[in-house]
Amino acid sequence: MTHSIQTTMLSDGTDLAALRDEEGRSLSGRLFSDAEIFELEQQRIFASTWIALAHESEIRRTGDYVVRRMGLDPVIVSRNQDDSVHVMLNSCAHRGMQLCRVDHGNAHTLVCPYHGWAYGLDGVLAGTPHEEEIYRGRLSRERYALKKARVEIFGGWIFANWNPEAPSLDATLGDHRWYMEMLLCRSDGGQEVLAPPQRFVVNANWKLIVENFSSDHGHIGTTHRSLVDVGLFPEVRGHSSTTSNHNGHSMLHNPQLDHEPVSGGPLEDLKAHPPAAMPSELVDQLKNHLNEEQIWVLANRYPTTGAIFPSMAWVVFAPFPAGDQLSSVFTVRLFFPISPDRTEMLSFAVAERDASDEFKRLVLRATTFAFGPSGVFEADDLENWSGMQRSLGGVINRRRTHVYPAVREPDNSGWPGPGEIHQGTWSDAVQWNMYRKYFELMTD
Ligand code: FES
Ligand SMILES: [Fe+2]
């Protein structure tokens with residue numbers, strides 16, 4: 001493989017790779033605040049790998065679309081007449097005018113507000129005003145189509161990629177798919193998002209946020225301590241572990257929070273204490289979609305939080321006290337970097353599609369109560385993220401390092417799944433795994 005040193009050099013002569021000390025497990029603060037590095041991330045990550053954009057249930061009907069971003073490029077995610085899903089630049093092929101100017105909608109064609117060029121929901125040029133008179137059949141529908149990205153769907157989530165050479169989404173998920181199936185692909189009817197996403201901007205670099213979601217167990221007892229103190233959340237007891245998978249993906253596993261296992265095996269246990277956002281009457285369907293090992297993990301080492309690198313994460317709690325009822329929390333998070341120190345987040349509440357309306361209402365309420373801009377958990381986290389970023393404003397702070405020294409050897413003993421398992425609560429393995437992938441993309 002050819003490796004261009006030129007392309008890893010920053011304009012002041014610093015080699016990007018030197019901003020990571022693999023041996024000393026540290027990263028330069030510059031990675032979180034530098035405009036040139038942010039621009040490289042746009043090219044080498046957000047324009048080159050699979051980016052999660054939307055859930056299929058957001059565009060259920062023909063003509064539905066939502067507007068999202070891949071890096072800084074605005075894109076339309078649409079459902080065409082033949083039910084196919086498309087992701088294309090939200091920018092007219094004529095002179096680049098923004099086509100869709102609202103967050104979401106439904107349309108038969110996408111008409112440019114500037115000169116009126118019209119496109120199908122698959123991005124192909126459908127027509128222009130006075131077309132015959134002006135162009136006399138010479139206007140190529142394909143040549144003047146909207147620029148389209150590759151699209152793949154996993155667990156109902158729509159991913160897109162500008163890079164024609166990139167491996168498939170499946171290959172990119174690799175072993176991590178085994179874990180994500182437990183959360184996203186486990187019932188006959190699949191899942192849906194329960195409302196349009198909450199959107200908010202955090203004054204922090206996107207990596208600081210993703211590394212937290214990716215499995216930072218270490219902050220729960222400090223940052224979120226007050227939630228346990230006032231009785232809003234049970235103490236996490238027993239055995240935790242994290243899974244690091246290829247390509248920077250990760251997952252944190254906790255014991256079930258509030259009960260001892262019931263007899264009869266994992267499936268019976270899950271019927272008594274269902275996974276987040278899944279009503280007990282659907283639990284039997286788990287065996288239609290997951291194997292015994294996956295069901296064991298779901299029952300005994302509950303997936304609690306994790307991330308699909310680079311820009312998708314989730315947190316689930318079951319059960320969670322919501323007012324006077326117990327409900328469960330299932331938030332999926334998409335991250336859209338805006339600048340080195342600002343990130344837009346979309347926060348979704350998710351449940352099994354075949355759950356009752358009343359059950360979905362409880363999940364939506366509990367998820368919004370815990371996460372999102374007004375969530376009792378997230379309010380704590382927001383302060384951490386923006387507090388770290390504030391400290392990066394100065395020259396000296398940008399020169400100091402972020403350290404990830406909690407190192408343990410992987411220990412997969414007794415573990416039925418793939419990946420590297422790190423036992424216990426305190427580990428920086430998952431975060432370091434994420435940055436390994438980050439540097440692979442950024443310096444290759
Ligand atoms: S820019 Fe869209 S029609 Fe001219
Ligand atoms: Fe947190």
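## The overall fold

This is a predicted model, and its secondary structure consists of 14 helices and 22 strands. Along the principal axes, the C-alpha atoms occupy a box of roughly 75 × 55 × 40 Å.

How does the radius of gyration fit a compact globule, and what is its value? For 444 residues such a globule would come out near 22 Å, and the protein has 23 Å, which agrees.

## Packing and contacts

Of the 444 residues in the protein, 46% are buried. If you look at contacts between residues at least 6 apart in sequence, 64% of them connect residues at least 24 apart.

## A closer look at helix α12

Helix α12 covers residues 376-391, which is 16 residues. At 1.5 Å a residue it should span 22 Å, and its end C-alpha atoms lie 24 Å apart, which agrees.

Which residues of α12 are buried? They are Phe377, Glu378, Asp381, Trp385 and Gln389. Viewed down the axis of α12, these buried residues fall within an arc of 85°, so they line one face of the helix. The spacing makes sense: an α-helix has 3.6 residues a turn, so residues three or four places apart point the same way.

On the other side of α12, Glu383 and Gly387 are exposed.

## What covers the buried face

Several elements cover the buried residues of α12, including the strand β14 (198-202) and the helices α5 (206-213), α6 (220-223), α7 (225-229) and α11 (357-370).

Technical notes:
Residues numbered from 1 in each chain as written. Chains lettered and ligands numbered in written order. Predicted model: local features only at pLDDT ≥ 70, side-chain atom pairs only at ≥ 80, totals over all residues. Helix = DSSP H or I, 4+ residues; strand = E, 2+ residues; numbered from the N terminus. Rg over C-alpha atoms; globule rule 2.2 N^0.38 Å. Buried ≥ 20, exposed ≤ 12 C-beta atoms within 10 Å, placed from the backbone. Contact = placed C-beta atoms within 7 Å. Expected span 1.5 Å × (residues − 1). Arc of directions from axis to C-beta.
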